[in-house]
Amino acid sequence: MITVEHLHKTFVTRTGGLLRGTRRTVEAVRDVSFSVARGEVVGYLGPNGAGKSTTIKVLTGLLVPTSGRVDVGGLVPWRDRRRHVARLGAVFGQRTTLWWDLPVRDSLDLLRDVYRVPRERFRQNLAAFTELLDLGPFLGTPARSLSLGQRMRADLAAALLHDPELLFLDEPTVGLDVVAKERIRAFVQHINAERGVTVLLTTHDLTDTERLARRVLIIDHGRLLYDGGLPDLQARFGGARELVVEFESAPTDPAIDGLQLIGAEGPRVTYAFDGAAARPIALVTAHAPVRDIEVREPDVEATIRRIYEDGLLRTDGS
């Protein structure tokens, strides 16, 4: 669905006056290459200023790259913009496609005309999205009066009314409560599974990525640093796993050779270990009678933070 080869995007900025000002070249994206198959959900991660938004703007046709090749569903986004836009949907967490003073229903009806959606298909999609996103209580409410969660749900419906093949999601759950986040994640899972919509997701909420994407791209300082699965990322950079053990009674000495003791509170003891859990479990069950055992995986958000802060990934992707 998406092919990006050796993408570069450079901006020239000017500081100072017209006569004595200085020009500065900023490489927002540097030699980025990746592909996304039809029906994939891919997380595109990186800190602010990493190059995520620039990449998305090139893919949507809003920006022309300095060099490189980009193909989205057989089209070059900035050359075939009219045809390209008709096949994609986009939701940006800080912006809305709804008309501010119009009821949500009227905004959606106007978008039906913009995208030339047949009336019967519009009716079917609106009915499906109203049920999945619980739009009914606020279809008659102007966009300016919606809560953030309601607006995001309405924007999702607006982005998908014309049956796009590709959906760009930029921070779709930012600022939302837990219930609203779960509803949006469930909806994205549904349209991906049932309609085969390809999704490229940029987010700072790693729970979005864990729930929705099987694959992540990590970009920093304009360079693509990682392209692979979250489990592989965790295995390489996630640090130790934890074994939380509840013994039948508080052990006299909770220390066990071969395991790192993290903490003990009565019968509940936590150990750190690397690799498979079978041997650590065997060690603790041999140490004392056990009531319950829990294996905790490293936190994804902490893993990503370590990668950025400690420079664990080099620019060659290794």
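Reader: How are α5 and α6 oriented to each other, roughly parallel or roughly antiparallel?

Author: In this predicted model, the axes of α5 and α6 come within 11 Å and cross at roughly 15 degrees. Angles under 35 degrees count as roughly parallel. The orientation of α5 and α6 is therefore roughly parallel.

Reader: Which residues of α6 make the contact with α5?

Author: The crossing of α5 and α6 is right-handed. On the α5 side, the contact is made by M152, R153, L156 and L160. Their partners on α6 are R183, I184, F187 and I191.

Reader: How many residues of the contact of α5 with α6 are nonpolar?

Author: Sorted by class, the contact of α5 with α6 holds two charged residues and no polar ones. The nonpolar residues of this contact number six.

Reader: How is α4 oriented to α5, roughly parallel or roughly antiparallel?

Author: Helix α4 covers residues 119-133, and its axis comes within 10 Å of that of α5. The two axes cross at roughly 150 degrees. Angles over 145 degrees count as roughly antiparallel. The orientation of α4 to α5 is therefore roughly antiparallel.

Reader: Which residues of α5 make the contact with α4?

Author: The crossing of α4 and α5 is right-handed. From α4, the contact takes N125, F129 and L133. By class, the residues of the contact of α4 with α5 are five nonpolar, one polar and one charged. Those supplied by α5 are R153, L156, A157 and L160.

Reader: Turning to the pockets, which residues lie nearest the centre of the largest pocket?

Author: The largest pocket holds about 650 Å³ of space. Its lining comprises 28 residues. Nearest the centre of the largest pocket lie L62, A90, V91, F92 and T97.

Reader: Which helices and which strand each supply at least two residues of the lining of the largest pocket?

Author: The lining of the largest pocket has 12 nonpolar, nine polar and seven charged residues. The helices that each supply at least two residues are α1 (52-60), α2 (81-85), α3 (104-115) and α5 (148-160). The strand that does so is β5 (88-92).

Reader: Which helices each supply at least two residues of the lining of the second largest pocket?

Author: The second largest pocket has a volume of about 200 Å³. Its lining includes V188, Q189, N192, E210, R211 and L212. By class, this lining divides into four nonpolar, three polar and five charged residues. The helices that each supply at least two of the lining residues are α6 (178-195) and α7 (206-212).

Terms used. Residues numbered from 1 in each chain as written. Predicted model: local features only at pLDDT ≥ 70, side-chain atom pairs only at ≥ 80, totals over all residues. Heavy atoms only, no water. 1 Å grid on protein atoms, 1.4 Å probe; cavity = no way out; pocket = protein on both sides within 12 Å on 5 of 7 lines; lining within 4 Å. Points joined across faces, edges and corners; volume = space filled by probe spheres on them. Helix = DSSP H or I, 4+ residues; strand = E, 2+ residues; numbered from the N terminus. Nonpolar A, V, L, I, M, F, W, Y, C, P; charged D, E, K, R; others polar. Axes fitted to C-alpha atoms, helices over the stretch in contact; angles between N-to-C directions. Parallel < 35°, antiparallel > 145°, perpendicular 65-115°, else oblique. Left-handed = near helix turned anticlockwise from the far one by under 90°. Contact = heavy atoms within 4.5 Å.
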